[in-house]
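Work through the exercises below with the structure open beside you. Try each task before reading its solution.

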Amino acid sequence: FGDYSQAIPGKGVILSNAEITDANVGLEINGGVLADINGLDIDDVAQYGVITTGTNSLFLDGLDISDSGAGANSNYGFYTESLSAGVQQISNSAFDGLGTAIYLTNDVSTTISSTTVSNSDFGLRVGAQSSANHIVDTMTLSNNDVGISAEGTGDLAMNDVSLNSITTDIEITDSSTVSFLDGSVDQAKVSISSTATGTFDR
């Protein structure tokens, strides 16, 4: 299962170089936890690769979540419950062949860096319940039906982001401002709902 230790006795964990296959849920963080997860490989989950509830400090580095049944899934790679809180960081990670790779539904500002998402229905999705601001730095999203879906009211700052989507690179359905500072995006594939007040700035 890899290496496991307590970061803070009774409160925190370090999980490294582990592999989980064919689970309903790969890893569930239920609150009151400081979790340093690195080198975790999760394959073919039925529901969630990693799900977080409660208040946690969660640092994911080298997370690899994939599904061999690409294109026919309703599963999630990284999923946050709407009432979960704390700290969330994802770095040096890869998501492939999932229903939704990263789904942020809570009000926790999240940093995603040096990460790839491919062959999924949704790459990065920010839920309608979320009012948090997020930072995306150095990310490649390729062959997803929708690359980035901003459904909430918080803002997204994107730097060195490469998008090559099947249908939509970026969609905005509420009041989010997506600031695309650097990278590649097809502006013909940027969709802003007629009822949205959000903007796409480049």
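Two rings of Phe, Tyr or Trp count as a pair if their centres lie within 6.5 Å. By that rule this predicted model holds six aromatic pairs.

**Exercise 1.** Classify the ring pair of tyrosine 76 and tyrosine 103 as stacked or edge-to-face, and say which strands hold the two residues.

Solution. Step 1: the ring centres are 5.8 Å apart, and the cut-off for a pair is 6.5 Å. Step 2: the planes meet at 15°; planes under 30 degrees apart count as stacked. The pair is therefore stacked. Step 3: tyrosine 76 belongs to strand S8 and tyrosine 103 to strand S11 (residues 100-104), so the pair ties together parts 27 residues apart in sequence.

**Exercise 2.** Are tyrosine 76 and tyrosine 103 buried or partly exposed?

Solution. Step 1: buried means under 20% relative accessible area, exposed over 50%, and partly exposed in between. Step 2: tyrosine 76 has 22% relative accessibility, so tyrosine 76 is partly exposed. Step 3: tyrosine 103 has a relative accessible area of 11% and is therefore buried. Step 4: both residues belong to one aromatic cluster, formed by Tyr48, Tyr76, Tyr79 and Tyr103.

**Exercise 3.** Classify the ring pair of phenylalanine 180 and phenylalanine 200.

Solution. Step 1: the centres are 6.0 Å apart and the planes are at 45°. Step 3: phenylalanine 180 is in strand S18 (residues 177-180) and phenylalanine 200 in strand S21 (residues 199-201), 20 residues apart. Both phenylalanine 180 and phenylalanine 200 are buried.

**Exercise 4.** Describe the open sheet of eight strands: what is its order, and which are its edge strands?

Solution. Step 1: the order is S3-S5-S8-S11-S13-S15-S17-S20, and the pairing is parallel. Step 2: strand S3 (25-29) and strand S20 (190-192) pair on one side only, and these are the edge strands. Step 3: from one strand to the next, the twist averages 10°. Isoleucine 51 has tyrosine 79 in S8 as its bridge partner.

**Exercise 5.** Locate aspartate 121 and list its contacts.

Solution. Step 1: aspartate 121 is in the loop between strand S12 (110-118) and strand S13 (122-126). Step 2: leaving out residues up to four places away in sequence, aspartate 121 touches Asn73, Leu98, Gly99, Asn144, Asp145 and Val146. Step 3: aspartate 121 and asparagine 144 are 23 residues apart in sequence, with 5.5 Å from C-alpha to C-alpha.

Terms used. Residues are numbered from 1 along each chain as its sequence is written. This is a predicted model: local features need pLDDT of at least 70, side-chain atom pairs count only at pLDDT 80 or more; totals for chains, interfaces and linings use all residues. Side-chain values use heavy atoms; hydrogens and water are left out. Two strands pair if DSSP finds at least two bridges between them. Helices (H or I, at least four residues) and strands (E, at least two) are DSSP runs, numbered from the N terminus. Axes are lines fitted to C-alpha atoms, for helices over the stretch in contact, and angles run from 0 to 180 degrees between N-to-C directions. Contact means heavy atoms within 4.5 Å. Rings of Phe, Tyr and Trp (its six-membered ring) pair if their centres lie within 6.5 Å; planes under 30 degrees apart count as stacked, over 60 as edge-to-face and the rest as tilted. Buried means under 20% relative accessible area, exposed over 50%, partly exposed in between (1.4 Å probe, protein chains only).
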